[in-house]
Amino acid sequence: MEKPRVRVYTDYKSPYAFVANKRLFELEQQYNIELEWLPYTLRVAEFMGTVEARTPHFWRKVRYAYMDARRYANAQGLTMKGPRRIYDAFYSSAGMLFAQRHGLFRPYHDTVFRRFWNHDLEIDELSDISGVIASVGGSAKDFEAYVHGPARAEHDRIIDEAEALGVFGVPTMVFNGELFWGGDRIDLLVERIKNPESIATALGSRHRK
C-alpha cells in the first residue's frame with residue numbers, strides 16, 4: 001500500500017523551518033508517511049519591504065520571532081545565531097533538489113541548516129553549497145552544471161506551483177490539499193494523518209456556514 005504523502009515547503013534561512021525539522025522527520029517513523037521536501041525560497045524584500053521602510057514595531061516583532069525560535073532550538077540542543085544579513089537562498093534550494101536526485105538529501109539538509117545557523121556557511125555563495133554537496137558524497141562539478149543549467153527554471157516552477165496552492169511562508173505542510181503553516185500546526189497535521197476523512201467533514205462544515 002502506498003504511504004500517505006506530506007509535502008513540506010522549507011527554506012534554509014527560516015529559523016522556524018529549522019526548528020520544525022525534528023518533529024517532521026519523527027512523523028515519518030511514527031505514522032509511516034512519506035515526506036516530499038521542496039524549496040519555497042522566501043523573497044524577504046517582497047513581504048518585509050526595504051530595510052529603510054521598516055518601522056520600530058516591525059523590528060520588535062523580528063526580535064521576538066528570533067527569540068521565540070531560539071527557545072525551540074535550545075530545547076533541541078541546536079545552535080541558532082541570528083542571520084548576519086539578508087540572504088538569497090537559491091543556491092541552497094538548488095542544492096536540496098540536486099541532493100534529493102542523488103540520494104543525499106538528509107545529510108545535505110541537516111548540514112546546510114546546522115552550518116548556516118551556526119554562521120559556518122554562506123547559503124548564497126555557490127562555492128559554499130558546492131562544498132557541502134562534495135562533503136556529503138556528491139559531485140560539486142555536476143551540481144554547478146545543474147545550477148548553471150536547468151536549476152533556475154525548475155526552482156521557479158516549484159515556487160509558482162506552491163503559490164498556486166496558497167503557500168506564502170515556511171514551513172508549510174500540504175496533506176490531501178490542505179495547508180498547515182508553521183511548526184505549531186504539526187499537531188493539526190497529525191490529526192489529519194490519523195483521520196484523513198476529517199478534512200472532508202471540516203470543509204463540508206465550513207461550506208455549510
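In the predicted model, the side chains of D124 and R85 form a salt bridge with an N to O distance of 2.7 Å, a salt bridge being a side-chain nitrogen of Lys or Arg within 4 Å of a carboxyl oxygen of Asp or Glu. D124 lies in the loop between α5 and α6 and R85 in the loop between α3 and α4, so the pair ties together parts 39 residues apart in sequence. Helices (H or I, at least four residues) and strands (E, at least two) are DSSP runs, numbered from the N terminus. D124 is buried, at 18% relative accessible area, whereas R85 is partly exposed at 38%; buried means under 20%, exposed over 50% and partly exposed in between, with a 1.4 Å probe and protein chains only. Residues are numbered from 1 along each chain as its sequence is written. The model being predicted, local features need pLDDT of at least 70, side-chain atom pairs count only at pLDDT 80 or more, and totals for chains, interfaces and linings use all residues, while side-chain values use heavy atoms, without hydrogens and water.

The whole structure contains 17 salt bridges. One of them joins R5 to E36, with closest N and O atoms 3.8 Å apart. This pair links strand β1, which holds R5, to strand β2, which holds E36, across 31 residues. R5 is partly exposed, with a relative accessible area of 41%, and R5, R7, E34 and E36 are linked in a salt-bridge network. Within helix α8 (residues 151–165), R152 and D156 are 4 residues apart, about one turn of the helix, and their side chains meet in a salt bridge of 3.9 Å, N to O.

After α5 comes H119, whose phi is positive, near 60°.

F18, in helix α1, is buried at 6% relative accessible area. Beyond its neighbours within four places in sequence, F18 is in contact (heavy atoms within 4.5 Å) with L78, T79, M80, F113, R114 and W117. The C-alpha atoms of F18 and D110 are separated by 9.1 Å, although the two are 92 residues apart along the chain.
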